[in-house]
Amino acid sequence: MSPRPWWGTAVCSLGLVAVLAQPALAGSGKTFGTPEAAVEHFVKSIAADDLDGALQAFAVDELVARAELIASETAKRRERSGVRVSKSRTFLRMFAIKLTAECASETRRFVYALLLDNDRADWLTEATDANIDSFIRAADPARLKSLQTVRIDQPVPSVTRTASALENAKAHASAEGADDSTERIALFRLDGKHYRGVFGLLRYGGSWRIRRLSSFHDGDGPHDPPVRATTPEKYQELTK
Amino acid sequence: MTPRRVGSGWRPLDYMRRWWGALLGSLAIAVLAIFLALSHQAIVGPGRSFDTPEAAVTHFVNRLAADDFDGAMEAFAIDDYAQHFDFAAMARRLRSFNATFMDGPVRYKMYVRINALKAASDYADQTMQFSTSMLLDDAAFDRLRRLAQAAMSDADMDALALAMDPAKLRTLKIVRIDPPLKSLTTAPKATQLAREQAVAVGAENSTDRIALLQLNGTYYRAGFNLLKYGKTWRLRRLSSYYAEVSGAPGRNVAKTTVEEYLKLTK
């Protein structure tokens with residue numbers, strides 16, 4: 001069994017597994033009618049050096065609201081069973097902070113992957129003055145001002161649009177309290193170079209939100225950088 | 001720039017994920033209710049000023065005992081740290097850098113904000129560990145670790161959630177706060193090291209404190225590392241190299257006796 005994410009463990013520690021299939025809540029922030037709209041918003045915010053705008057594209061509100069719903073259901077179950085119910089909000093507050101920080105960290109990886117060559121941010125680099133200075137100059141988010149989205153696509157539709165893949169996507173979404181899940185890849189252009197980004201998204205009601213900057217169908221998953229240099233031709237191959 | 005990959009088989013991300021998995025698995029938390037729209041508001045309130053390390057420690061422990069998580073977070077160096085983190089100084093100190101796992105250069109506002117979010121997240125983890133160190137006995141800790149890997153009955157999880165109720169820290173008291181091992185920590189080499197550690201995170205000085213705590217008749221010892229920004233002291237870590245909590249995985253507070261604690265003050 002693969003380890004649960006920390007917040008999944010946290011939810012389970014309250015005995016909440018039984019209510020994971022409850023209806024999803026809609027987020028209270030911006031809404032995105034399509035996966036493409038969420039991806040576009042994220043990328044435009046990054047290009048505008050607007051971290052808070054970029055974070056709006058993530059499913060933070062929905063997952064926190066989901067946790068609130070689960071907590072409420074669990075509290076009712078416990079009260080019915082005569083078990084004392086804690087009134088503390090401390091651990092849910094921690095959950096929200098952790099989740100927001102996780103999205104911010106993913107966003108920084110995305111930014112670094114565009115600004116630095118390939119996965120250079122993941123390398124251990126000797127701390128010479130020249131290397132440090134070069135990194136700091138290269139990491140300037142203002143350099144993303146000219147970032148453009150060329151196109152957004154569903155990855156390998158020959159696989160991801162099959163009945164079993166769609167069924168899996170819904171099951172995956174349900175485990176996170178969403179109605180559906182999907183993935184998108186995007187082709188970007190920055191300073192004459194092309195890059196490929198990957199996005200995992202969830203649908204809550206009528207709105208799509210980014211859950212993670214990784215894809216099961218493109219790359220090795222969360223260990224890969226969320227953006228890689230590519231060519232339009234190589235990108236095209238992933239859309240078949 | 002000529003970055004080099006050190007040890008091609010070593011995947012820092014894998015390593016960190018395993019580390020996190022182990023840590024967070026052992027510290028799984030009970031989740032209740034929360035407000036929304038976090039991305040549109042400050043992640044935590046502004047930090048308070050504390051004239052002495054003791055004042056910061058006292059504030060943290062008292063707020064934790066009052067189940068006031070946001071109040072407890074005020075004692076941490078979140079904004080100061082996020083704004084003053086010195087990427088170059090830290091890299092030089094470590095002699096190498098891995099940008100993914102270090103905080104970002106504060107020349108750019110985007111990284112200042114991310115540094116703050118990551119710091120708050122780290123402090124939340126430490127605070128959770130601090131609470132559960134006192135709330136859970138060894139059997140409950142073992143149950144918590146198993147929870148990360150396997151399903152558990154409602155009854156078991158109800159018991160765990162009840163044991164982890166932060167309201168059970170209501171009677172937590174500070175008995176005393178001291179500089180640890182004065183014979184070591186007041187030596188010139190130690191004070192120089194403390195300043196070097198502080199500079200790497202943009203602070204003027206750093207220091208450690210240990211505290212003797214009492215909860216429901218049991219004594220605990222805790223360690224604290226603090227940073228000085230301007231005239232105010234704030235918490236950086238809920239641990240101290242001098243508090244001797246090692247050997248208790250998943251805990252940053254350890255049971256003690258008054259006699260054991262006093263030895264750590266000499």
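1. Is Asn216(B) buried or exposed? The model is a predicted one, and in it Asn216(B) has 10 other C-beta atoms within 10 Å. The cut-off for an exposed residue is 12 or fewer, so Asn216(B) is exposed. Asn216(B) sits in the loop that joins strand 3 (205-215) to strand 4 (218-229) of chain B. Its phi is near 50 degrees, which is a positive value in a residue other than glycine.

2. Arg95(B) can be read alongside that residue. Phi of Arg95(B) is near 70 degrees, again a positive value in a residue other than glycine. Arg95(B) is placed in the loop between helix 5 (87-94) and strand 1 of chain B. It counts as exposed because it has 9 C-beta neighbours inside 10 Å.

3. Arg107(B) is in the loop between strand 1 (96-97) and helix 6 (109-135) of chain B. With 12 other C-beta atoms within 10 Å, Arg107(B) is exposed; the limit for that class is 12 or fewer. In sequence Arg107(B) and Phe87(B) are 20 residues apart, and their C-alpha atoms are 9.6 Å apart in space.

4. Arg228(A) belongs to strand 6 (residues 227-230) of chain A. There are 18 other C-beta atoms within 10 Å of Arg228(A), so it is partly exposed. Arg228(A) and Trp208(A) are 20 residues apart in sequence, with a C-alpha to C-alpha distance of 24 Å.

5. Which residues does Leu227(B) contact, leaving aside its neighbours within four places in sequence? They are Ala77(B), Ala198(B), Val201(B), Ala203(B), Ser206(B), Arg234(B) and Arg236(B). Leu227(B) itself is in strand 4 of chain B. It has 27 other C-beta atoms within 10 Å and is therefore buried. Leu227(B) and Asp80(B) are 147 residues apart in sequence, yet 9.5 Å apart in space, C-alpha to C-alpha.

6. Within chain A, helix 4 (residues 60-80) and helix 5 (residues 90-115) pack at an angle of about 160 degrees, and their axes are 10 Å apart. Helix 4 of chain A is therefore roughly antiparallel to helix 5 of chain A. The crossing of these two helices is right-handed. On the helix 4 side, the contact is made by Val60(A), Leu63(A), Val64(A), Ala67(A), Glu68(A) and Ala71(A). On the helix 5 side, it is made by Leu92(A), Phe95(A), Ala96(A), Leu99(A), Thr100(A) and Cys103(A). By class, ten of the contact residues are nonpolar, one is polar and one is charged.

7. Helix 5 of chain A also packs against helix 6 of chain B, at an angle of about 140 degrees and with the axes 8 Å apart. The two helices are therefore oblique to each other. Helix 5 of chain A passes helix 6 of chain B in a left-handed crossing. Residues of helix 5 of chain A in this contact include Met94(A), Ile97(A), Thr100(A), Ala101(A) and Arg108(A). Those of helix 6 of chain B include Ile114(B), Leu117(B), Ala120(B), Ala124(B) and Met128(B). The contact residues divide into nine nonpolar, three polar and three charged.

8. The largest nonpolar core has 115 residues. Ile78(B), Ala120(B), Ala222(B) and Leu235(B) have the most contacts inside it. Which element gives the most to this core? Helix 5 of chain A does, with 16 residues. A second, separate core has seven residues, among them Phe141(B), Leu144(B), Met157(B) and Leu160(B).

9. Some totals for each chain follow. Chain A has nine helices and six strands, and 47% of its 240 residues count as buried. Of the contacts in chain A with a separation of 6 or more, 73% are between residues 24 or more positions apart. Chain B has eleven helices and six strands, and 44% of its 266 residues count as buried. Of the contacts in chain B between residues at least 6 apart in sequence, 69% join residues at least 24 apart.

Key: Residues numbered from 1 in each chain as written. Chains lettered and ligands numbered in written order. Predicted model: local features only at pLDDT ≥ 70, side-chain atom pairs only at ≥ 80, totals over all residues. Axes fitted to C-alpha atoms, helices over the stretch in contact; angles between N-to-C directions. Helix = DSSP H or I, 4+ residues; strand = E, 2+ residues; numbered from the N terminus. Parallel < 35°, antiparallel > 145°, perpendicular 65-115°, else oblique. Left-handed = near helix turned anticlockwise from the far one by under 90°. Contact = placed C-beta atoms within 7 Å. Nonpolar A, V, L, I, M, F, W, Y, C, P; charged D, E, K, R; others polar. Core = buried A, V, L, I, M, F, W, Y, C linked by C-beta atoms within 7 Å. Buried ≥ 20, exposed ≤ 12 C-beta atoms within 10 Å, placed from the backbone.
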